[in-house]
Amino acid sequence: MKLSVIGCGYLGAVHAASMAELGHEVVGVDVDVDRVERLSRGEPPFYEPGFAELLRRGVDEGRLRFTTDMGDVAGARVHFVGVGTPQRESGYAADLSHLDAAMTSLLAVMADHPVPGALVVGKSTVPVGTAARLQEWCGSEGVAATVVWNPEFLREGFAVQDTLTPDRVVYGLPEDRAAGEAARDLLDEVYAGVLSHGMPRLVTNYQTAELVKVAANSFLATKISFINAIAELCEATGADVTRLAEALGHDERIGPKFLRAGVGFGGGCLPKDIRAFMARAGELGVDQALTFLREVDAINQRRRQHAVAMAERHFGGSVRDRRVAILGAAFKPDSDDLRDSPALYVATRLVGQGADVVVTDPIALPGLHARYPHIQTAPNARAACVDAELVMLLTEWTDFTGLEPDQLGSVVKERAIIDGRNALDPARWEAAGWSYRGMGRASTTW
Ligand code: UDX
């Protein structure tokens, strides 16, 4: 089937390549010329395991192409919309200007080249109410298309896996029953290669589908901030948050995932999604329902500030001219994404306070050089740690969690490490003569 994917950022590019992998003929559209050129050459514009192979195969086999010209989507039956909905520069609300610009040009093409039964399938994370607005917009332009809301739950680092074998598939359909059923059947056809894995496929109305996505991200953010709040209690009392989380996780109703305390969550989704959700609740007059998310956000900010304070305390109050090695720049491992990265927050704060900071990251350094040229970097952990008076592990890449304490100890000036992700074994590092501090971890040997 001929499909288009509008917006070839993280979500859109992976979606386009995945749809081509399923055998569809896919055209990806983006306004960024450089991105389109790279994708057209089969070169991923970001790091994502497994994506390069998919992209190259789709491009080489002629099922996948990229363009800046919206006119090229003419004739497609299904148009996926995966443009960014970042936080507005002022305030917490989502900036829908990319979505509206994409829709304006898409609807112009669809009006000139009508395809019976065409679908516009929204994948971006949007404020509840957006799908209904877009459906109305189609009508007002005389475009006989059905809008479907089909949220995407992909995690960076697992984007291909999460797109081709998601935990669940959600369709938000219009009130018009006949149009909704036809849209559902067509989307089932598009996703046949995904649905064949047998995951649940839930059908609901627009509002529910839109809310599922932000509710899921809010729950995940809450789980992380919950354990980070408990980490604060652990620090105040001498309890150990990793052992506590392990004990909590054995309760099947709680589960062990997303209970890793540390410097908190970052990235392009969780922080901005919970803020946009709060803003939307305010617009809907139900802001009190989500005031707890303000706390979730505040706890999250406190953890990164706490990591900076731990470094200050280590040096007796001031980090000025102290050499600090920072392991990790990306907001999480297996990603080169620096958006709202706790590691980068800590690095820039310490640089701002006059510390002599050296950052290393397995793959995020090119992005770091481009955007933060004043931050010193080193190609690997060993090089970053030469003469360090303090090492801070802030992104738990396996390159770092597998470090050998004695070997690293031979290059540093002082064997002191702050484990901002609770990813190291304290006993092993202490046995090698390191002073080890985690986030909410006790110093007892139990
Ligand atoms: C998230 C959601 O998981 C995904 O479903 C949604 O579609 C987009 O947002 P992503 O941003 O890729 O995905 O990262 P995720 O793996 O969820 O991690 C988010 C942040 O939380 C990272 O900074 C990570 O380090 C942090 N985290 C995660 C913790 O601090 N503790 C944990 O226990 C888990």
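Domain bounds, as used here, come from an automatic or database domain assignment. On that basis the protein chain of this predicted model is divided into domain 1, residues 2-199, and domain 2, residues 220-437. The C-alpha centres of domain 1 and domain 2 lie 33 Å apart. Where the two domains touch, 14 residues come from domain 1 and 15 residues from domain 2. On the side of domain 1 that touches domain 2, the residues divide by class into 9 nonpolar, 4 polar and 1 charged.

The ligand is the next point to consider. Residues of both domain 1 (2-199) and domain 2 (220-437) belong to the shell around the ligand, so the ligand lies between the two domains. Of the 19 residues around the ligand, the ones that come nearest are E156, R260, F265, G267 and C269. By class, the shell around the ligand has 10 nonpolar, 5 polar and 4 charged residues. Helix α9, residues 206-237, gives the most to this shell, with 3 residues.

From helix α9 the reader can move on to its packing against helix α10, which spans residues 241-249. The axes of α9 and α10 are 10 Å apart, and the two helices pack at an angle of about 135°. An angle over 145 degrees would count as roughly antiparallel; α9 and α10 are therefore oblique to each other. The crossing in which α9 passes α10 is right-handed. On the α9 side, I227, I230, A231 and C234 take part, and they meet V241, L244 and A245 in α10. The residues of this contact of α9 with α10 comprise 7 nonpolar, no polar and no charged.

A further packing pair is formed by helix α11, residues 270-283, and helix α12, the latter covering residues 291-314. The axes of α11 and α12 come within 9 Å and cross at roughly 155°. Since angles over 145 degrees count as roughly antiparallel, α11 and α12 are therefore roughly antiparallel to each other. Here the crossing of α11 past α12 is left-handed. Helix α11 makes this contact through I274, R275, F277 and M278, and helix α12 through L293, R294, V296 and D297. By class, the contact of α11 with α12 has 5 nonpolar, no polar and 3 charged residues.

Helix α12 also packs against helix α13, residues 342-352. In this pair the angle is about 40°, with the axes 9 Å apart. That angle makes α12 oblique to α13. The crossing in which α12 passes α13 is right-handed. From α12, the residues that make the contact are R304, A307, V308 and A311, while α13 supplies P342, Y345, V346, R349 and L350. Sorted by class, the contact of α12 with α13 has 7 nonpolar, no polar and 2 charged residues.

Taken in order, the account runs from the domains to the ligand and then to the helix pairs. The ligand lies between domain 1 and domain 2, and α9 gives the most residues to its shell. Helix α9 is oblique to α10, α11 is roughly antiparallel to α12, and α12 is oblique to α13.

Note on methods: Residues numbered from 1 in each chain as written. Predicted model: local features only at pLDDT ≥ 70, side-chain atom pairs only at ≥ 80, totals over all residues. Axes fitted to C-alpha atoms, helices over the stretch in contact; angles between N-to-C directions. Helix = DSSP H or I, 4+ residues; strand = E, 2+ residues; numbered from the N terminus. Parallel < 35°, antiparallel > 145°, perpendicular 65-115°, else oblique. Left-handed = near helix turned anticlockwise from the far one by under 90°. Contact = placed C-beta atoms within 7 Å. Nonpolar A, V, L, I, M, F, W, Y, C, P; charged D, E, K, R; others polar. Near = placed C-beta within 6 Å.
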